Amino acid sequence: MENEIKAKSLLNRHKKRDEWFLGDYTINPYAGCSMGCIYCYTRGSKYGGNYGVKVVPKSNAVPILKKQLKNSIRRNERGFIVLGSASDPYPTVEKDMKLTREILGLIKRYKFPLHILTKSTRVARDMDILNAINEVAILPPELDDKLDGGVIVSFSLSTLNDGLARIIEPGAPSPINRLETMKMFSEAGFKTGVINMPVLPYISDSKDEIEDMVKMAINYGGDYVLYSGLTLYGDASGDCKTLYDQFLKENYPELLSDYKKLFRGSFAPSKDYQDVLAKKFAEISRKYGIKNSII
Ligand code: SF4
């Protein structure tokens, strides 16, 4: 496998805004992710490519992005950039490589608003640039009265259980460390929240588990809790469906037949299950007065 990628494009534009993350564009400075989550949708799906835990930087990211941002402004297009949709922008190598930090510098220079998705505590290192972007970013007119600043920082958690997280997200900081980092961003005045993704069927989807997640999000300064169900792709040895099946066999063998019934050979749980999950989140979030959307 290659050690660097020459990307053709870094700033990828959506046809229309993704209302969930508010993204008009996505940027992924790296291919592959050192967090190693067994459920990672890029492992086995058509999105992102399965690099396992190997992380490959896009070595021409900075000059390409500079050109693309300039061109976007020339066309009078400036929208929300989602950083880290297919790989965490703070993998282990970012500590020394500082590619994400360089990219943030460009985003600041060209005043684009930004939504970072991460599991990493390392994002706190870049609080200085993020503060600057928060102040200078020019919001799309239709979001101008809905947001106080140009930066949103979301922390992704699938469970609050540290032991379980170590098995399913072996390269990620503990859930509590992610929440503590979120608190730092909240106290510094950023819009921040939890992405409870994926919610693991019969493992982290009970009313009690969801209630604990919502309460922790609030206690640690979260403005919102987004959520999403589990999706499983692929049959190759490193694909997420294979890894997740293996995890169930080793840790929850009693759930194997329930999962089979729930997924029915599909990549996602049944619609009925998803409706019940949505109802649980809506009820619990309403009870605690927190939104399931960013705005
Ligand atoms: S942090 Fe995100 S991108 Fe990285 S392995 Fe986990 S789910 Fe995939």
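Which residues point one way from β7, and which point the other way? Val151, Val153, Phe155 and Leu157 take one side of the strand, while Ile152, Ser154 and Ser156 take the other. Whichever way they point, all of these residues are buried. Please keep in mind as you look around that this is a predicted model.

**Strand β7 and its cover**
- β7 spans residues 151-157 and is mostly covered, with seven of its seven residues buried.

**The neighbour β6**
- On one pairing, β7 runs parallel to β6, which covers residues 114-118, and five bridges link the two.
- To find a point where they meet, look for His115, whose bridge partner in β7 is Ile152.

**The neighbour β8**
- β7 also pairs with β8, again in the parallel sense, through six bridges.
- Here a handy landmark is Ser156, which stands opposite Ile195 in β8.

- Ser204 sits in the loop that lies between β8 (191-199) and α7 (207-219).
- Ser204 has a relative accessible area of 4%, so it counts as buried, the cut-off being under 20%.
- From its side chain, Ser204 reaches the backbone oxygen of Ser158 at 3.1 Å.
- Setting aside neighbours within four places in sequence, the residues in contact with Ser204 are Ser158, Pro198, Val199, Glu209 and Ile210.

Key
Residues are numbered from 1 along each chain as its sequence is written. This is a predicted model: local features need pLDDT of at least 70, side-chain atom pairs count only at pLDDT 80 or more; totals for chains, interfaces and linings use all residues. Side-chain values use heavy atoms; hydrogens and water are left out. Helices (H or I, at least four residues) and strands (E, at least two) are DSSP runs, numbered from the N terminus. Buried means under 20% relative accessible area, exposed over 50%, partly exposed in between (1.4 Å probe, protein chains only). A polar contact is a pair of N or O atoms within 3.5 Å; within protein, one must be able to donate a hydrogen and the other to accept it, and residues adjacent in sequence count only if both atoms are side-chain atoms. Contact means heavy atoms within 4.5 Å. Two strands pair if DSSP finds at least two bridges between them.
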